[in-house]
Amino acid sequence: MIDWPNVTASGHQELDLNPEELQKSKCVLGFIPVIYYSILLCVGVPVNILTAVALSRLACRTKKALYYYLLAVTGSDILSQLFIIFVGFLLETAVFHRDVPALLLHSVSAAEFAANHASIWSTVPLTVDRYVALCHPLLHRQISYPARARKIIAVVLVLSLASGVPFFWWSDMWRNSHPPTALDTVLIWTHVTIIYFLPCSIFLVLNSLIIRTLRARQALQRCQEECGPKSAPPRRLGKTTAMLLAITSVFSVLWAPRTVVVIYHLYVSSVHRDWRVHLAYDLSNMLAMLNTAVNFFLYCFVSKPFRGAVRDVVLLRGGPLYSRRTLPQQQAPTNASISSLYSGNNKRWQRESTPLSPRRARKPS
């Protein structure tokens, strides 16, 4: 980020360092990160709020656990945008470099990591739910319902909050001039395991099983088509599964550079001293935070019910006033159907009461 001195993290330890060790890398991007995060915040927060409203309507309308998991992902993305982008990147750059208590900085750091973990790990129950729905459909009907989904989401949020507490002692890579300590090594490896290696392993295994199951079903249906004259059409990749694969793939791609740069900072060269690592760290953070604002566009591209719900929210449809306004229109087809039913019964009675023709009434000889 921008090279402003951090008065709070005063360098009492830097007095014993050599001038070469005190040489700090320059921020090549200048004000570009601040402009980027401001645009991302102004676009991402309203878009995620719109996504949350649309998903809440779909969840209340369909009573499916899927929309509750997607709603948890969206809520966690909003928290990540507020804590990481607004507080972490913008306020710390513009305000927190001034003389403020170090306790506040470390508390904000713990809140950032908790929101980050919640945003990532809310996708894991969604992946498990889709795996059970496709590979074990009978079991999915028994265990997947909104009440259980809400309990699972609550457990994930509590664990994410607890996992952010150790990062109270996280070191600022931009401003700390000393080499990573043993505590920094443990925190960095814990961080990359929680936010990337472990969830990506779960995504890879479950998505591979989902794709394998779908391919096996398609092969079986092709065999049935060749052997029998009548069979069901081949089952394609569902839109919900396509949405899941898109979410997990985008996450894996956008978070991979940051994971590599953090490990490179730990073992090869420091962000504080090497401007190239500093530049790579800034760009990787910008890519990673883009993940909090792209899910809305993925949902719109894949899901037709979501597009309809967004259209209703934007046009202010679906509320009590709209329901009251459209009530006469909904009653008209009902009355028409009743009249058509009456006319059909009347015609049937006339046919039954009409005498048979002489040819049909002639008795067989």
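Guide: Gladly, and bear in mind throughout that this is a predicted model. Threonine 123 has a relative accessibility of 7%, so it counts as buried, the limit being under 20%.

Visitor: Which helix is threonine 123 found in, and what does it touch?
Guide: Threonine 123 belongs to helix 5, which covers residues 123-135. Setting aside residues up to four places away in sequence, threonine 123 touches Val73, Phe203, Ile247 and Thr248.

Visitor: Which residues of the largest nonpolar core touch the most other members?
Guide: That core has 36 residues, and those touching the most other members are Leu55, Leu70, Leu126, Ile247, Phe296, Tyr299 and Phe306. At least two residues each come from helix 2 (32-62), helix 3 (65-94), helix 5, helix 7 (146-163), helix 8, helix 9, helix 11 (295-302) and helix 12 (304-314). Helix 3 gives the most to this core, namely eight residues.

Visitor: And what does leucine 55 touch?
Guide: Not counting residues up to four places away in sequence, leucine 55 touches Tyr67, Leu70, Leu71, Thr74, Tyr299 and Phe306.

Visitor: Switching topic, what about histidine 117, buried or exposed?
Guide: Histidine 117 counts as buried, because its relative accessibility is 0%. The residue is part of helix 4, residues 102-121, and, leaving aside neighbours within four places in sequence, histidine 117 is in contact with Ser160, Ser163, Gly164, Phe167, His191, Ile194 and Ile195.

Visitor: Now the outside: which residues form the nonpolar patch on the surface?
Guide: The patch is formed by Trp189, Phe197, Tyr264, Tyr267 and Val268, which together have about 520 Å² of accessible area. Helix 8 (182-227) and helix 9 (239-267) are the elements that give two or more residues to it. Phenylalanine 197, found in helix 8, has 35% relative accessibility and therefore counts as partly exposed.

Visitor: Which residues does UniProt list as "transmembrane region"?
Guide: The unreviewed UniProt entry lists residues 34-55, 67-91, 149-169, 189-211, 244-267 and 279-302 under that name.

Visitor: How much of residues 34-55 and of residues 279-302 is helix in the model?
Guide: Residues 34-55 are 100% helix and 0% strand, with the end C-alpha atoms 31 Å apart. For residues 279-302 the figures are 83% helix and 0% strand, and there the end C-alpha atoms lie 35 Å apart.

Key. Residues numbered from 1 in each chain as written. Predicted model: local features only at pLDDT ≥ 70, side-chain atom pairs only at ≥ 80, totals over all residues. Heavy atoms only, no water. Patch = residues over 30% accessible without salt bridge, like charges linked within 9 Å, V, L, I, M, F, W, Y side chains within 5 Å. Areas by Shrake-Rupley, 256 points an atom, 1.4 Å probe, with all protein chains shown as cover. Salt bridge = Lys/Arg side-chain N within 4 Å of Asp/Glu carboxyl O. Helix = DSSP H or I, 4+ residues; strand = E, 2+ residues; numbered from the N terminus. Buried < 20%, exposed > 50% of the residue type's maximum accessible area, 1.4 Å probe, protein only. Contact = heavy atoms within 4.5 Å. Core = buried A, V, L, I, M, F, W, Y, C linked by side-chain atoms within 4.5 Å. UniProt positions renumbered as here; feature names shortened; annotations may be inferred.
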